[in-house]
Amino acid sequence: EFLKLQRNVGKDNKQVWSNDVTEEKAVNKATEVCNKVKINEEKEQVKKPKFLHTINIRGLPYKCTKSKIRNFFDPLKPISIRLPPKIKGIAYVSFESEQELKQSLVKHRGFLDGHRVEVTKYEDKSNANEATQKVYKENEPAEEDVCESGRIFLRNLCYSCTEEDIEQLFSKYGPLSEVSLPIDSFTKKLKGFGFVTFIFPEHAVKAFTELDGNIFQGRVLHLIPAKSKPEKKETSWSAGSSSFKNEKEQKRKEEANSSHNWNTLFLGANAVADLMSEKYGVTKSKLIADKDSRESVAVRMALGETQLVMETKKFLLSNGIDVDAFKETPTAR
């Protein structure tokens, strides 16, 4: 342990191990050296502070100075401005809070000494790599997913391949529920991969074990287990963040899924006018455009609809039909 610590100190602090040194003295010397190493490490950490709220500026003039950058972000006050000596045209500016960082991003695509600069949030590469690895591990397919999802990812497909060809190849092992071949939006051609979903996962396992690595249309077919297709979540509009139109549209979608959302005795305005004119022996135009009546057309149509609904309901009840049964939720037969 003493020899290991000797490597981390300079020539002046190195000690010579001699036979007359007792075990206690050796431990004390090792402890002193260890403390010196820790102190040096702490000093290095103090010299290089980490700035959390940092932005990246690109497109700066080659002779740009820190004072010009500070005036560019006025009235914000940066705590640190760093201009790389070997790379021209970029700078790193740090702020104390996240709020100041967001305010500084407003300067994006602004002008500094006649140059349009780009202001973006700086992201640490080490953290970005960790986040990328985390996302990859979460989406990394597992072997047991095929037994649960019955979905297979196809790779290295021919660009002239069609869904019928894929269905013909995999339908030998069992019925399919979905065959998907994504198409590029610009070239309007296949992207070279796709998805196949079996109704029964057992058939997917069999197809996966037998077809992986086989030759299909002149290419080596590569199969990878895929997770189940995520279900589309309906957007829940809140009263505070959505308009009346969005709330109404969401309510209509919810009512569309209901099996008893319709009015049993509903009558349209045109049907009400026809029935009332036929019942009372008046023309439809006189019923709607009656100048002698004090009531509006909407009120007359509403009263006529109410009367017809009550008569229809009375007729149905007299014939042994329970109208309220239509409003109940369906039950198992």
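**View 1. The side chain of Ser277 and its polar contacts.** The backbone oxygen of Asp274 lies 2.8 Å from a polar atom of the Ser277 side chain. The model is predicted: local features need pLDDT of at least 70 and side-chain atom pairs count only at pLDDT 80 or more, while totals for chains, interfaces and linings use all residues. Residues are numbered from 1 along each chain as its sequence is written, and side-chain values use heavy atoms, with hydrogens and water left out.

Ser277 lies in helix α10, residues 269-280. Helices (H or I, at least four residues) and strands (E, at least two) are DSSP runs, numbered from the N terminus. Ser277 is buried, with a relative accessible area of 13%. Buried means under 20% relative accessible area, exposed means over 50%, and partly exposed is in between (1.4 Å probe, protein chains only). Leaving out residues up to four places away in sequence, Ser277 touches Val282, Thr283, Lys284 and Leu287; contact means heavy atoms within 4.5 Å.

View 2. Helix α12 covers residues 297-318 and has 22 residues. From its first C-alpha to its last it reaches 32 Å, close to the 32 Å expected at 1.5 Å a residue. The expected span is 1.5 Å times one less than the number of residues. Arg300, Met301, Gly304, Leu308, Val309 and Leu316 are buried in α12. Seen down the helix axis, the buried residues of α12 fall within an arc of 165°, so they line one face of the helix. The arc is that of the directions from the helix axis to the C-beta atoms. What covers these buried residues includes α10 and α11 (284-288). On the other side of α12, Met310, Lys314 and Ser318 are exposed. Just after α12, Gly320 takes a positive phi of about 80°.

**View 3. The open sheet of 5 strands.** The strands stand in the order β2-β3-β1-β5-β4, and the pairing is antiparallel. Two strands pair if DSSP finds at least two bridges between them. The edge strands are β2 (80-82) and β4 (110-112), each of which pairs on one side only. On average, neighbouring strands of this sheet are turned by 30° against each other, direction ignored. Axes are lines fitted to C-alpha atoms, for helices over the stretch in contact, and angles run from 0 to 180 degrees between N-to-C directions. Strands β1 (residues 53-58) and β5 (residues 115-121) run antiparallel and are joined by 4 bridges. Arg58 stands opposite Glu118 in β5. Strands of a sheet pair through backbone hydrogen bonds, either parallel or antiparallel.

**View 4. Ser80 in strand β2.** Ser80 has its place in strand β2. With 13% relative accessibility, Ser80 counts as buried. The side chain of Ser80 makes a polar contact with the side chain of Arg82, at 2.7 Å. Ser80 and Lys66 are 14 residues apart in sequence, and their C-alpha atoms are 9.5 Å apart in space.

**View 5. Strand β8 and its two partners.** Strand β6 (residues 151-155) and strand β8 (residues 193-198) run antiparallel and are joined by 5 bridges. The bridge partner of Arg155 in β8 is Phe193. Strand β7 (residues 176-180) pairs with β8 in the antiparallel sense over 4 bridges. Val179 stands opposite Val196 in β8, and Glu178 stands opposite Thr197 in β8.

Technical notes. Polar contact = N/O pair within 3.5 Å; in protein donor to acceptor, adjacent residues only side chain to side chain.
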